[in-house]
Amino acid sequence: MPSREKRAMRRRRGYGVLSALIVILMLVAAALVVILVNGGAQPDAQGGNVAIRPDATDFVDSRSATPEPLVLGADLQTATAQVSQESAEPLDTGDTEPVAEPEPTAAQSTDNRLIPEVLPGDYFLPIFDRALRTPDDEMMIAITVDDCNDPEVLSQIVGIAQRYDAKLTLFPTGEALMTEGMGEGFRTCVLRYGYELENHSYSHKKEYQLSNGELALQLWKQSIAASYVVGKDYEQHFYRPYYDNSKYDQRTHFFINKLGYAGVASYTYSYKGMTAEQLIDTLENGNIYQFDMTEKSMEVFETFIQEASRKGYKLVTMNKLFGLNEDVVGDKLTIDQQTLPTMDDYVSTYYDLKLNYRTNAVYSLQARLAELGYLTDEAAKPDGLYGANTSIAVSAFQAKIGEAATGNASVNTQERLFALNAPLAG
C-alpha cells in the first residue's frame with residue numbers, strides 16, 4: 001500500500017493535470033468566441049448541443065454567459081466592399097446574350113401540382129402564396145410569423161401553437177436571430193418543435209432600394225445566422241421581402257436562386273385589417289396566413305388557430321404544405337467554409353411592371369421618365385414604388401409613341417422608353 005506521502009503526491013499531480021485541462025478548454029472556448037465576433041466562422045463554445053427546454057413558455061435563453069448581440073461577418077464589409085458599394089444602376093439597354101433558365105433547386109417539390117406558376121421573364125422563381133390542393137387532399141394551411149424580435153411575444157406565440165399542435169414558419173431577421181436571449185428560443189423552435197426558420201433579410205431593409213452588393217449581403221448573412229443559432233447547417237427554402245409587393249423584384253429572385261431557395265414567400269391572407277371572424281371566414285385548403293408580433297396580431301392569432309384546428313385543418317409549415325424537403329438540419333456546421341455569392345453575373349432584363357409593384361426595376365423606370373420629362377413633380381422622384389404618378393407618366397409616354405395608354409409598363413413600352421431616340425415629353 002502506498003505511503004501517505006506518495007498518495008498525496010499523486011493527488012497533487014491529478015489536480016495539476018485537471019487544472020491544465022480546464023485552462024486549455026477555457027482558451028479554446030475564448031478563441032472560438034473571438035472567431036465568431038470577428039468573422040462569424042464557428043459556433044460558440046456551447047455549439048449546437050444546447051439542451052432544449054421542455055416547455056414552450058420557458059425557452060428564452062437565460063445563460064448569464066451569453067455574449068452581446070453579434071454582428072456576423074464583420075470582415076465581410078471589407079472583403080466585399082467593391083460589391084457592396086455598387087449602385088442600383090438603370091437597366092442595360094444594350095444587346096445582351098439570352099439568359100439561361102435557372103437550374104432546379106434542391107428544394108424543389110416532386111409534386112409540381114403544388115408549386116405556383118413562375119412569372120414570365122428572366123430569373124423568376126415561384127411566388128408561394130397558396131398551395132393548389134384538391135378536395136381529396138388532406139386539409140392543410142400554413143401559419144407564418146414575421147419580425148420575430150421579441151422573446152416574450154415569441155414565447156406566447158409558441159405556447160399557443162403548441163396547444164393546437166401547429167407547426168409555424170418563422171421569418172426572423174438576422175439581427176433578431178443574433179440578439180441576446182433569442183438564440184436558444186429559435187433552436188427550440190427548430191430542433192424540438194419542428195418549426196421552419198426562413199429568411200427575412202439581416203437588418204429588415206427594403207431590398208428593392210439596395211445596391212446589388214448590399215442585397216446579396218443582407219440575404220446571405222441572415223442565412224448564415226440561421227445556421228449559427230441552430231448549431232448546424234440549416235437549409236432555407238423561402239425569402240419573404242420587406243413589402244409583399246416587392247415579391248416581383250427580379251434581382252431578389254436571381255439571388256435567392258443562387259442560395260438554392262425554392263422561391264419567394266407571400267401569403268393568401270394577412271391578419272392586417274381583418275378581425276378574427278373575418279379571417280376565419282377565409283379558411284380554405286392550401287392557404288397561407290401571415291401574422292407578426294404586434295398587439296393587434298396577437299388578438300387575432302389564438303382565436304384563428306383555435307377555430308382552424310376545430311374545423312379540422314392541419315396547421316403545417318410551408319415546406320410541408322408544398323411538399324418540399326423537411327429534413328433541413330444538417331449533420332454539422334460549416335459556416336466557416338461558406339462564401340458570399342456575388343451579383344456580378346446579374347444582367348437587368350425587361351419584364352412587365354404594374355401599379356403597386358415595389359422593385360428595383362421601377363427605380364430605373366422612374367429615373368428614365370424623369371429624364372425625358374414625363375415625371376416632373378418633385379414628390380414623384382424615384383422611390384421604387386409604381387404609384388399613380390408613375391402610371392400617369394407611363395400613360396403619357398405610351399400615348400406619345402402611339403401605344404394604348406394602359407399605364408402599365410410592358411416590355412415593349414420599356415424598350416421604347418430606354419431607346420436612344422425615345423421622344424421627350426411635350
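# Burial, ring pairs and helix packing

Me: Does tyrosine 123 count as buried or exposed?
Reply: At tyrosine 123 the relative accessibility is 7%. Buried means under 20% relative accessible area, exposed means over 50%, and partly exposed lies in between (1.4 Å probe, protein chains only). Tyrosine 123 therefore counts as buried.

Me: What pLDDT do local features need in this predicted model?
Reply: Residues are numbered from 1 along each chain as its sequence is written, and side-chain values use heavy atoms, with hydrogens and water left out. The model is predicted: totals for chains, interfaces and linings use all residues, side-chain atom pairs count only at pLDDT 80 or more, and local features need pLDDT of at least 70.

Me: How many helices and strands does the protein have?
Reply: Helices (H or I, at least four residues) and strands (E, at least two) are DSSP runs, numbered from the N terminus. Of the 426 residues, 50% count as buried. The secondary structure consists of 14 helices and nine strands.

Me: What is the phi of tyrosine 123?
Reply: Most residues other than glycine have a negative phi. Tyrosine 123, found in the loop between α3 and β1, is not a glycine.

Me: Which residue in helix α8 forms an aromatic pair with tyrosine 123?
Reply: Rings of Phe, Tyr and Trp (its six-membered ring) pair if their centres lie within 6.5 Å; planes under 30 degrees apart count as stacked, over 60 as edge-to-face and the rest as tilted. Here the centres are 4.8 Å apart with 80° between the planes, and the pair is edge-to-face. Tyrosine 123 lies in the loop between α3 (81-84) and β1 (127-128) and its partner in α8 (residues 250-258), so the pair ties together parts that are 131 residues apart in sequence. The partner in this pair is phenylalanine 254.

Me: Why does the pair of phenylalanine 124 and tyrosine 351 tie together parts apart in sequence, and how many residues apart are they?
Reply: The ring centres of phenylalanine 124 and tyrosine 351 are 5.0 Å apart and the planes stand at 80°, so this pair is edge-to-face. Both phenylalanine 124 and tyrosine 351 are buried. Phenylalanine 124 lies in the loop between α3 and β1 and tyrosine 351 in the loop between α11 (318-321) and α12, so the number of residues apart in sequence is 227.

Me: Which residues do ring pairs link into a cluster?
Reply: A search of the whole structure finds 18 aromatic pairs. Ring pairs also build a cluster, and its members are Tyr269, Tyr271, Tyr289, Phe291, Phe301 and Phe304.

Me: Which residues is leucine 125 in contact with, leaving aside its neighbours within four places in sequence?
Reply: Leucine 125 is placed in the loop between α3 and β1 and, with 7% relative accessibility, counts as buried. Contact means heavy atoms within 4.5 Å. Leaving aside neighbours within four places in sequence, the contacts of leucine 125 are Val118, His253, Ile256, Asn257, Tyr261, Ala262 and Gly263.

Me: Which elements do the buried residues of α8 pack against?
Reply: Helix α8 is mostly covered, with eight of its nine residues buried. Among those buried residues are His253, Phe254 and Ile256. The buried residues of α8 pack against β1, α7, β5 (238-239), β6 (263-265) and α12.

Me: At roughly what angle do the axes of α12 and α13 cross?
Reply: Axes are lines fitted to C-alpha atoms, for helices over the stretch in contact, and angles run from 0 to 180 degrees between N-to-C directions. Helix α12 comprises residues 360-371 and helix α13 residues 388-400. Their axes come within 11 Å, and the crossing angle is roughly 55°.

Me: Which residues of α12 and α13 make the contact?
Reply: The residues of this contact divide into five nonpolar, two polar and no charged. Ala, Val, Leu, Ile, Met, Phe, Trp, Tyr, Cys and Pro count as nonpolar, Asp, Glu, Lys and Arg as charged, and the others, Gly among them, as polar. From α12 come Leu365, Gln366 and Leu369, and from α13 come Thr390, Ala393, Val394 and Phe397.

Me: What separates the C-alpha atoms of alanine 380 and threonine 390?
Reply: Alanine 380 lies in the loop between α12 and α13 and is buried, with a relative accessible area of 8%. Alanine 380 and threonine 390 are ten residues apart along the chain, and the separation of their C-alpha atoms is 7.5 Å.
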